[in-house]
Amino acid sequence: MSFFNNGGNPFVIAGPCSAETREQVLETAAAIAGRIQLFRAGVWKPRTRPGSFEGMGEAALQWLQEVKQVYGLPVTIEVAEPQHIELALKYGMDVLWIGARTTVNPFQVQRLADALKGVDIPVMVKNPVNPDVDLWHGAIERLEHAGITDIAAIHRGFSSYNAASPYRNQPNWPIPIELKRRRPSLPIICDPSHISGNRELVARVAQKAMDMGFCGLMIETHPNPAEAWSDAAQQITPDALIALIDNLVVRQLYTTDTGKSLSLENLRQMMDGIDAEIIDLIARRMELSERMGAVKKDCNMTAYQPERWQEIVATRSDRAEKLNLSREFIVALYEKIHDESIKKQLEILQALMNEVKG
Ligand code: PEP
Ligand code: MN
């Protein structure tokens, strides 16, 4: 049974961004012990610019050992170097996590995986900073190949240049959902603190994760968040954490209400029918593209015509808006369809060209 299974309740990981002092670590643990499943603290901190607080290192491992002894709370830290793993094991850390800035680098993940060969410990893998499901999945596979069997993934959002975004790291829910589709038994946890970057948003993002069916949360908690040595804007107090946990609406994957379950099944069948029609229509549309490709070849025209694409975007998004669909969604969908259609036309142009050459 996975360490991350909390019997249908969310598996909550909490504790400070960084272990700063023995008092801060023990005070936080005292305030939240009994309400969480795993205590976190950063001991070596990956910082964007040099000169920022880089963690207390080995000394902090003793404070975490004390948390474990005094409160019976399992503890976890971030590891980014084989030497971090060695020390984490020496001080009896129960779980390790790989941070976003490490997951992004397959060489480093492999070094960590090699250091974990023959070690039996649960490991959590944060998503890489860029929205690449394969890179995330690949890091998990490297650990599996090293013999780690209990693994969880953590969605902590992705870096983005969108200055208007309210988030520090933009959530991108389809990416963890795709990971879950590929690996149905992998526990997926959400880190609303690093997604939000701002304590005001943390509870809302945590609830959204519950609505999306995530099995747990990792939330940065500090007795005096405004004075924290790292991530001061996003940490919440122990009281705020407890209120957040008490107010969570936890949703189930399945219902035991047979009436509701039948009506869902009915709606699903109707949706299956609509999806079959959508795919048939797309196939018919692609056939038209191929015929257009042949005509364009005859007239020596390019496959891609910018005005035509603009007209498609304008007319399709107007129509979508009238039906209460978002313009962005329809444009994104049409970008995919149009790309495929252009690809088909290029194939036709090139096939005909080869015939001429041959
Ligand atoms: C952290 O959890 O404190 C941390 C550094 O997170 P991330 O790897 O998500 O940036
Ligand atoms: Mn942090």
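Visitor: Where does Leu325 lie?

Guide: This is a predicted model, and in it Leu325 sits in the loop between α12 (306-322) and α13 (327-357).

Visitor: Is Leu325 buried, partly exposed or exposed?

Guide: The general idea is that partly exposed falls between under 20% (buried) and over 50% (exposed) relative accessible area. Leu325 has 37% relative accessibility, so it counts as partly exposed. Leu325 also belongs to a nonpolar surface patch with Leu323, Phe329 and Leu333, with about 370 Å² of accessible area together.

Visitor: How do I read a salt bridge, and how many are there in the whole structure?

Guide: Look for a side-chain nitrogen of Lys or Arg within 4 Å of a carboxyl oxygen of Asp or Glu. A search of the whole structure turns up 20. Take Asp191 and Lys126, whose side chains meet at 2.7 Å, N to O. Asp191 is in the loop between β7 (188-190) and α8 (192-196), while Lys126 is in strand β5 (residues 123-126), so this pair ties together parts 65 residues apart in sequence.

Visitor: Are Asp191 and Lys126 buried or exposed?

Guide: Asp191 is buried, at a relative accessible area of 0%, and Lys126 is buried at 5%.

Visitor: What surrounds ligand 1?

Guide: Lys126 turns up again here, and the surrounding residues also include Cys17, Trp97 and His194. The shell divides into four nonpolar, two polar and six charged residues.

Visitor: Which polar side-chain atoms lie by an oxygen atom of ligand 1?

Guide: One belongs to Arg40, at 2.7 Å, and another to Lys45, at 2.9 Å. The protein covers 97% of the 300 Å² of accessible area that ligand 1 has on its own.

Technical notes:
Residues numbered from 1 in each chain as written. Chains lettered and ligands numbered in written order. Predicted model: local features only at pLDDT ≥ 70, side-chain atom pairs only at ≥ 80, totals over all residues. Heavy atoms only, no water. Near = heavy atom within 4 Å. Polar contact = N/O pair within 3.5 Å; in protein donor to acceptor, adjacent residues only side chain to side chain. Areas by Shrake-Rupley, 256 points an atom, 1.4 Å probe, with all protein chains shown as cover. Nonpolar A, V, L, I, M, F, W, Y, C, P; charged D, E, K, R; others polar. Patch = residues over 30% accessible without salt bridge, like charges linked within 9 Å, V, L, I, M, F, W, Y side chains within 5 Å. Helix = DSSP H or I, 4+ residues; strand = E, 2+ residues; numbered from the N terminus. Buried < 20%, exposed > 50% of the residue type's maximum accessible area, 1.4 Å probe, protein only.
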